[in-house]
Amino acid sequence: YVVKDNPSAIQQLVLAVDRILTSGKTQVLVVDSDPESLQRQVNLIAKQRFQIIAVESGAAALDALDSHGGIDMVVCDLALADMDGFDLLNEIRQRHGDDAVRVVGLSTSEDRMVAARFLRAGGDEYIQKPFLVEEFNSRIFHVAAIQKRVQSLHRIAARDYLTDIYNRRYFFEAGPRLVDQALRRGEPMSIAILDIDHFKRLNDTYGHEVGDIVLKAVSRRLKHRVGDRHLLARLGGEEFGIIFHGLELEGALDYCERLRLELAAQPINADGEPLTITVSAGLAAISGRETFDNYLNAADQFLYMAKHAGRNRVFS
Ligand code: GH3
Ligand code: MG
Ligand code: MG
Ligand code: MG
């Protein structure tokens, strides 16, 4: 980009670069009730160019974990003013699971069993105070590297290899949680299953490779329209699931109708051959009485009816 002599463009560029630089950065929550000791750890970790949030109590640490998405690691002294470090560790694991965040414990305790107990309780690393700066740095760096790898494996495990949208495993893992959450918050939610019409025929006519190109193109288009607001997954073959956040049946029906019309209106260019494809969809809205599986079954029944009624339509 040429941004010379254009202050607003320069500013936008600076913001964009900043976003890119911080998005990949490890975020560390440092917890210590002794302000001096807290500052010392913050200074050391800051040298590794990590992003830091510093708090002086266990309660503040739990709040920070709830309100800031994306904290990768907690570095906490085990003797906090308001909470035992082991209790904090338990609470973190209960609220956020085992994989979301790594926890490093620090302690001045002379009891040599503390390290063993902390690691057995689910801690990831233990550092005895006082520590050698080199040792502290290496252990923190090591834990951060492990967490990056955990996150990248999670990402791979949640994606469909062909289309790079979410896969069936992720859809079924996240679905029940999202339905529970929406019901608890009293927010509407709808679930759709979309299926490409006569896809077998397309494969038989043009070959499997063209079929794959079509699957990728349809996924890309759906993803482009659905964005990050709703959850889109490939459930298998030529079948897609969408969880619509904040949409009641009517809104979701509109949405699906638009998706259906847009897909049918733009032929897919597969090897120079323009292919018009249509989809059928079944849609169900959550109402508070059923489980995720039941809503999905309902959507599947509606899909079946849409197919039987002649395809290229949405039933709900
Ligand atoms: P309907 O309109 O009733 O949905 O008919 P259909 O032909 O789309 O449905 P059917 O379930 O009979 O066939 C789906 C086909 O999708 C069969 C299978 O070979 C093909 N398929 C499944 N996964 C893939 C894939 O990853 N790539 C390609 N190219 N084809 C796939
Ligand atoms: Mg089928
Ligand atoms: Mg089909
Ligand atoms: Mg199918």
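**Packing and burial, by definition**

Q: At what angle do helix α8 (residues 199-206) and helix α9 (residues 208-226) pack, and how far apart are their axes?

A: Helices α8 and α9 pack at an angle of about 135 degrees, and their axes are 6 Å apart. Helices here are DSSP runs of H or I with at least four residues, strands are runs of E with at least two, and both are numbered from the N terminus. Axes are lines fitted to C-alpha atoms (for helices, over the stretch in contact), with angles from 0 to 180 degrees between N-to-C directions.

Q: What makes α8 oblique to α9?

A: Under 35 degrees counts as roughly parallel, over 145 as roughly antiparallel, 65 to 115 as roughly perpendicular, and the rest as oblique. The angle of about 135 degrees makes α8 oblique to α9.

Q: Which residues of α8 and α9 make the contact?

A: From α8 come Phe 199, Leu 202, Asn 203 and Tyr 206, and from α9 come His 208, Val 210, Gly 211 and Val 214. Contact means that two C-beta atoms, placed from the backbone, lie within 7 Å.

A word on the model: it is predicted, with local features needing pLDDT of at least 70 and side-chain atom pairs counting only at pLDDT 80 or more, while totals for chains, interfaces and linings use all residues. Residues are numbered from 1 along each chain as its sequence is written, and chains are lettered from A and ligands numbered from 1 in the order in which they are written.

Q: What about Glu 262: buried, partly exposed or exposed, and why?

A: Glu 262 is also found in helix α10. Its 13 C-beta neighbours inside 10 Å make Glu 262 partly exposed. The C-alpha atoms of Glu 262 and Arg 221, 41 residues apart along the chain, are separated by 9.1 Å.

Q: How do you know that β4 is mostly covered?

A: In β4, 5 of the 6 residues are buried. For the chain, 31% of the 316 residues count as buried.

Q: What makes β3 and β4 partners?

A: Two strands pair if DSSP finds at least two bridges between them. β3 and β4 run parallel and are joined by 5 bridges, with Val 74 opposite Val 103 in β4. Strands β1 (residues 27-31) and β3 (residues 73-77) also run parallel, joined by 4 bridges, and Val 31 stands opposite Cys 76 in β3.

Q: In what order do the 5 strands of the open sheet stand, and why do β2 (51-55) and β5 (125-128) count as its edges?

A: The order is β2-β1-β3-β4-β5, with parallel pairing. β2 and β5 each have a single partner strand, so one side of each lacks a neighbour in the sheet. The twist averages 20 degrees from one strand to the next. Helix α3 (residues 58-67) lies across β1, β2 and β3, at about 165 degrees to β1.

Q: What is the strand order in the open sheet of 6 strands, and which are the edge strands?

A: The order is β6-β8-β9-β7-β12-β13, and the pairing is mixed. The edges are β6 (166-167) and β13 (314-315), each pairing on one side only. Within this sheet, β7 (residues 189-196) and β12 (residues 279-285) run antiparallel, joined by 7 bridges, and Ser 190 stands opposite Ala 285 in β12.

Q: Which residues in the largest nonpolar core touch the most other members?

A: A nonpolar core is a set of buried Ala, Val, Leu, Ile, Met, Phe, Trp, Tyr and Cys residues joined through C-beta atoms within 7 Å. The largest has 45 residues, and Ala 192, Phe 244, Ala 252, Cys 256, Ala 281, Leu 283 and Ala 299 touch the most other members. A second, separate core of 30 residues includes Val 74, Leu 78, Leu 80 and Phe 136.

Note on methods: Buried ≥ 20, exposed ≤ 12 C-beta atoms within 10 Å, placed from the backbone.
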